[in-house]
Structures are given as C-alpha cells and as structure tokens.
Amino acid sequence: MQSQSHRFKQNVSVALEDVSLQKALSRVQEGFVDKRAAVVSTLPEFEQLREQGREIRNHVLDHLDFYLRRFENRVQALGGQVHWAENAEQARDIVRDICRRVEAKTVIKGKSMISEEIALNEALELDGLDVVESDLGEYILQLAQEPPSHIIAPAIHKTRAQISELFYNAHQKLGYTKKLDTVPDLVNEAREVLRSRYLEADVGITGANFLVAETGSNIIVTNEGNGDLSCTLPRVHIVTASIDKVVPTLDDASALLRLLARSATGQEITSYTTFSSGPKRAGDADGPDEYHVVLLDNGRTEMLAGAFRDMLRCIRCGACMNHCPVYGAIGGHSHRWGYPGPIGSVLTPNFLGLEEAGDLANACTLNGHCASVCPVKIPLPDLLREHRRRQFERKLQPLPARLALAAWAGIARRPWIYQPLMATGIGMLRLLSRGRGKFKSLPMLGAWTRTRDLPAPQSRTFQTLWKKQRGKR
Amino acid sequence: MSKARIGLFVTCLVDLYRPSVAFASIKLLEDAGYRVEVPQSQTCCGQPAFNNGDFGSTCEIARQVIDAFADFDYVVGASGSCIGTIKMHYPELFEDDPEWLAKARDLSARAFELTSFLTDIAGIDSVESGFGGELTYHDSCSGLRELGIKQQPRKLLGSIEGVSIREMQHSETCCGFGGTFCVKFPEISTRLASDKVDNICNSKAQVLIGGDLGCLLNIGGRLQRLDKPVRVFHVAEVLADMADGSAIGEEET
C-alpha cells in the first residue's frame, strides 16, 4: 500500500471538514464503545481475562520460534505447506507463484490485514488475476478503490448513501438496475453478487485471527460467514498471517476469542468462528485440495528484540481506535497506511520509519483511553512516547519546536532563573490583559487563540505571592 | 503528636495562571490538620519534556523535584497529570540507576493528588463551602487512568450543601488539551474541546469543575470563544470556599 503518512497534517484538515465522514464516525461510539461497555459489564472476570490474555501473548512472544516451528510441523503433518516470508515482496511472490502454478483466474478473499500490509490485491491484479473481496466492508472499498479506515469495520467511513451509489454503478452490468436505500437490501444484493464469485474462484485467500500451534489450525472470526466460504469452496486455500499470530493451544485461543469478540464488537462471540486445518482429507465432503500458510515477518522479529515488543501482543480487535478521541475526530484515512488509530501510530513508524510517519506518534494527547481498554494491556501511550524519544534523539522534530523545548527545559532546570523570569513574564501578560481576564489573540500563540480564548493570569505568580504572605505569617 | 508535613507541589500552570488553586489547596490541607510548606526550588514536573521525548531534561527536572521534596511526609498537588508523572513515570525514568530509582520510588509512594489525598489518606468525607449551584465534573485523563481518581472529587463536592452534580455525557473523554498537543495539532484539539463543550452545555450545569488546570484552560477558552455562559473553576477552589472571585477566563471583579 502507498503510504501517505507524511501528509498527515493535510489529511487531518480534510477529514475534519468531510461531512459524511464525520457522520459515519459519530456511529463508532454507539456501534462499538457502548456495546463493548455493555457486554464487559456482564462478565465480572473480564479484568482477569485481560490479564490472562496478556500472559498468553507474552508467553508466545518469549517462545515464538518454538511455537512457530510446532505450528509448521502440524500444518505439514496435515498435508499443508508453510511458507516463510521475510518481507512484503517475498510474501507477494509466494502467493503469486502459487496462483500461477495452479493456473488460477479468480481469487476470492476473506478479510486480511496482512493482505493490506503487503498490498496483495494490486500484485495479483497486475498478474492478470480477478481478485474479489468477500468481506462486505472490503468489497465496498474495492468498488470505491479506497484503503480500509478501520481494522474490523474497514468501510466505517462510508455512509449508506455512498454505498448505494457504489453498488448502483458497479452492479448495473450484472442486471441490478434499482438504486437501493435500506441496509438489508444492500446486504442481500452484495450477497447475491458475491455468491457466484465464490463458486467460480480457484483460490481463496484469508487472514488469520489465531494460528494454533497445537493443532496446526487457522482461526478466523467473521459475522458474515464469508470466511467459511473463502476457505472451503475454492480448490486452493492460502492463509496470509504474520508470525505473531501463533498461540500455543486451543484453550489459549478460546481465552483470546472471548476477549476479542467483546473488545471488538461488543459481542460475546462472533457469528462465525472458523477453524481450518490442512487440505481436504480422503473422505471429507468439502475443503480445498491445497492448503498454504504464508507467514510474514516484515520487521516483526526486529520489534520482538526491541522497545516495541509489547505491541506484538496485539490481537487486532480495534478497541483502541474505537475509544481514541483523535480517531473519533479524523477517522482512519489520515494515517493512510493500513493500520489506523493508536496501533497504527505505534506500528507505522516501525514499518516506515520516523522520518515518514513521525507525525502519527505526536498526534495523540496521551489520554490513555486506548490502553485502558486494550484486551492484552499494551501500554500504547508509553510506546508512542518511545517514538517521540527517538525523534528527539535524532532531532527529527521541527527546529522551532526543538528550540522552544530546549529553552524551556534550560530554564525549568534552574529555579533561581525560572522564578524571577516567570514572575516578570506573568506580570507583563497581566498588564496586557488589562483586567479582561482573557486574550482573544496573542502573537506567537495563534495555534491556541484562533479557536480558543486564552485565559489571562489571575494575578502574580503563586511563588511571588507566597513569599510575601509567608513574610507576614 | 506533631503534625505530618506536606510539601505542596504547586504545578507550573497553577503557579503562573491561577495561584488561588494553590492557596485553596493549602487551606484544605491545613484544615485537615497538616503542616504545609512550599519548597522554593520547584518549577515543573517535567512533563512537557517527557512527552516530547526529551528524557534527559526530564531526568534532570525529576532529580530536582525528588530532592526538593525529600524531607516531607507527603507531596500533594492539585493536578492528576503532574502527580501522575511523579508517581507513575519518575520511577520508569531511573530504571537503570539504582540510587535514583530508590529515591524516585520513595517519592512516588508519598505523592498524592489533592482530592485523593483528602479522602483516601486524610479520611475527609465532607467540606464546608458556601459555593452553590449545579456543577458538572470533567474527569481529566491522567488523574482518571493513571491514579484512579473518579469518586474522590465527587464525594467531596457532593458533601457541599448547596451543590448538586449533573453528570455530563462522556465525562471521561479527553478534552483535547494534551499539553503541547493543543498547539501542535490545534484543529484536532479544538474539535475535542468543542465536543466537550457540547456535552457540558447539554448537562445544563452552570459550572464546570475539574482537577487539572491545563484541561480547564482549554475547555474554558473554548467555552468563552463560543460565548457559553458556563463558569469554570478548579475543584480545590470550590472545596476551600475560595471560588467567590472571577472564574477562569472571566473579567476581574
């Protein structure tokens, strides 16, 4: 995918003015936040479950090589193949080569963030393949030619009217000539259109919510059932997953699934939880002839060894973005690189570098709401601050900001200079305010005063007043 | 028995912008039976440097704070954000420095935000204040999520006879201040402040109360720019019955 992270600030302005985006984002609150709160309140052990989730994921990261090899062995024993991809290019080549070898013409896809990460669709289309997204949200975005703006609700930024327009334009040639305006009608039309695509697909590509080392199974959760169909109908099934998706046992997966559904959509369990383990066996009624798992590293081993290790616990529920006030204001497209919201602000600079994506780490008030709802307790604000530390060390922040910070820090370290200097400054500011209690504008502080009054200092500094008063005591 | 000694952590914003919050804090702590002193060698907790990635300067400022408050039984400040930095983050800063780590942990254990100190440590459950009216309370993020401050200020405010609390929707959602965030990303910051203003106005309360001056300057500034009649005070001012002067951003009386 093409990154536009460096255009973050311009993207923010556009997003804030986008009326239909703002309307769509206002639904995140009722759709996700309230539902999560309701379902969590009915599970008294939810906090213990979070701690268990954190421990399971930490254990995996401590023994990642072991569990990955175990997973590989189990997949092979079931008759499947595991392919290791160090980077996006290798992963794309592996998938493309499989498609070429089996002479595929059509590919049906379940939702996969790894597919987004490695820009798989573009690569396969370039190779002449007809690629169809089967997740409704992804399908909408494929028609709109846009990247996802949310990891579990990729088309959350689209309004019903926009989707109706997209379907009307895309489906006319298939004989659907009516413009639809209700959600059930839109869903039914997509279902009908997609159904034939499942049947004609040669290859099904899905993501992975968890890879179970004990059984060699891939687990995906959906609410549309599209995952089942993408796994079972085509003659070849390819799973695209990152190496951090592995969990030791089915019990572990079960604990994490309980956390995932509640944190993501406020459901106790998703409508479909699909386990796929190897190709069709002799006597099986259905299933693919070939079963492949592409395991992508793409910088994750490096993260494992460094300060961002905790990030690899992530189970991609999206709760952090649902609860992020900045995401709520600007949505996921301002990031413009696959992973939006707080996890995107941590991950993207890791993948693309701080020069490219440094703004993301700063576009956060460090309010901590994300970490407080994270099902595996990732300290997201601390990780964002770590990016800022690296930016500071490498002098990547703009020069005026660095100079201002250096000047302030130089003074704040010296109380004997700080206090008289501040007393003088506050005295001047008070004179300027002429008792009006606030400023409508102030030179150098336009970023504040363009949209907010700046309250004026109440009197002299506290330290000045305290010295005087203490003298009297 | 001699009174326990409290070192008041003034906070830089209170020092510069609203001394009445510090005077109110002193009154509340003295009324609760403590001896309060104000070390002169304090400036700021170092959060602006910390959150902008300058950990070196943060450590220097932290050492200064640790030394200034070394001799007190408690350190109390009227800000969840500054006390959160001292209590939760100072020890992280010195993970590789055993000597200072021990000092940072020692300070951390003695550091408290004002309302949580009054209720949880001093055991106060009511205050006398002539302040009256319908209030709404903004939960500042650091106090809420780093220190678990939620019920303490409500308990104390609720004990004032003429006060009723009208909870706003999304009182736990960030107001968009975020320290230097508010000037680095002014558009996003303003949007969050506007959402907060809407929730405050919908609560029909006449007064906004909070425990962190940064948030109150931000929300107050946005309220006034939008000509909303809501008055803004720090919780310490109301609890100490010292909210009879101008509210934040109001013309001097």
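In this predicted model, K377(A) is partly exposed, with a relative accessible area of 27% (buried means under 20%, exposed over 50% and partly exposed in between, with a 1.4 Å probe and protein chains only). K377(A) sits in the loop between α18 (369-373) and α19 (380-393) of chain A (helices are DSSP runs of H or I of at least four residues, strands are E runs of at least two, and both are numbered from the N terminus), and its phi is near 55°, a positive value in a residue other than glycine. Local features need pLDDT of at least 70 and side-chain atom pairs need 80 or more, whereas totals for chains, interfaces and linings use all residues. Residues are numbered from 1 along each chain as its sequence is written, chains are lettered from A and ligands numbered from 1 in the order written, and side-chain values use heavy atoms, without hydrogens and water.

**Backbone**

- Most residues other than glycine have a negative phi.
- T11(B), in the loop between β1 (5-9) and α1 (12-17) of chain B, has a positive phi near 80°, and this residue is buried, with a relative accessible area of 5%.

**Interface of chain B and chain A**

- Chain B and chain A bury about 5,800 Å² between them, 58% of it on carbon and sulfur atoms (buried area is the accessible area, with a 1.4 Å probe, that two parts lose on being put together, summed over both). Y17(B), Q40(B) and R225(B) supply 12% of the area that chain B buries against chain A, more than any other three residues.
- Each chain brings 69 residues to the contact (contact means heavy atoms within 4.5 Å).
- Three salt bridges are found across this interface (a side-chain nitrogen of Lys or Arg within 4 Å of a carboxyl oxygen of Asp or Glu), and E60(B) and R413(A) meet in a salt bridge of 2.9 Å, N to O.
- Helix α11 (residues 186-202) of chain B gives the most to the side of chain B that touches chain A, with seven residues.

**Salt bridges**

- Over all chains, the structure holds 41 salt bridges.
- R197(A) and D130(A) form a salt bridge in which the closest N and O atoms are 2.4 Å apart. Because R197(A) lies in helix α10 (residues 183-200) and D130(A) in strand β3 (residues 130-133), both of chain A, the pair ties together parts that are 67 residues apart in sequence; D130(A) is partly exposed, at 35%.
- K27(B) and D31(B) meet in a salt bridge of 3.3 Å, N to O, and as they are four residues apart in helix α2 (residues 19-31) of chain B, about one helical turn separates them. K27(B) is partly exposed, at 33%, whereas D31(B) is exposed, at 57%.
- R166(B) forms a salt bridge with E134(B), with the closest N and O atoms 3.3 Å apart. This pair links distant parts of the chain, since R166(B) lies in the loop between β6 (163-165) and α10 (181-184) of chain B and E134(B) in strand β5 of chain B, 32 residues apart.
- D139(B), K150(B), R154(B), E167(B) and E172(B) are linked in a network of salt bridges.

**Aromatic pairs**

- The count comes to 18 aromatic pairs over all chains (rings of Phe, Tyr and Trp, the last by its six-membered ring, with centres within 6.5 Å; planes under 30 degrees apart count as stacked, over 60 as edge-to-face and the rest as tilted). F112(B) and F117(B) form a tilted pair, 5.8 Å centre to centre with 55° between the planes, and both residues are buried.
- F131(B) and F233(B) form an edge-to-face pair, 5.8 Å centre to centre with 80° between the planes. This pair links distant parts of the chain, F131(B) being in the loop between α7 (114-121) and β5 (133-138) and F233(B) in strand β8 (residues 231-234), both of chain B, 102 residues apart. F131(B) is buried at 10%, and F233(B) is buried at 0%.
- Ring pairs link Y34(B), Y74(B), F112(B) and F117(B) into a cluster.

**Two buried residues of chain A**

- T222(A), in strand β6 (residues 217-222), counts as buried at 14%, and a polar atom of its side chain lies 3.1 Å from the backbone nitrogen of G225(A). Leaving aside its neighbours within four places in sequence, T222(A) is in contact with G227(A), T270(A), S271(A) and Y272(A).
- K245(A), in the loop between β7 (236-242) and β8 (246-247) of chain A, counts as buried at 8%. K245(A) and V60(A) are 185 residues apart in sequence and 9.2 Å apart in space, C-alpha to C-alpha.

Notes:
A polar contact is a pair of N or O atoms within 3.5 Å; within protein, one must be able to donate a hydrogen and the other to accept it, and residues adjacent in sequence count only if both atoms are side-chain atoms.
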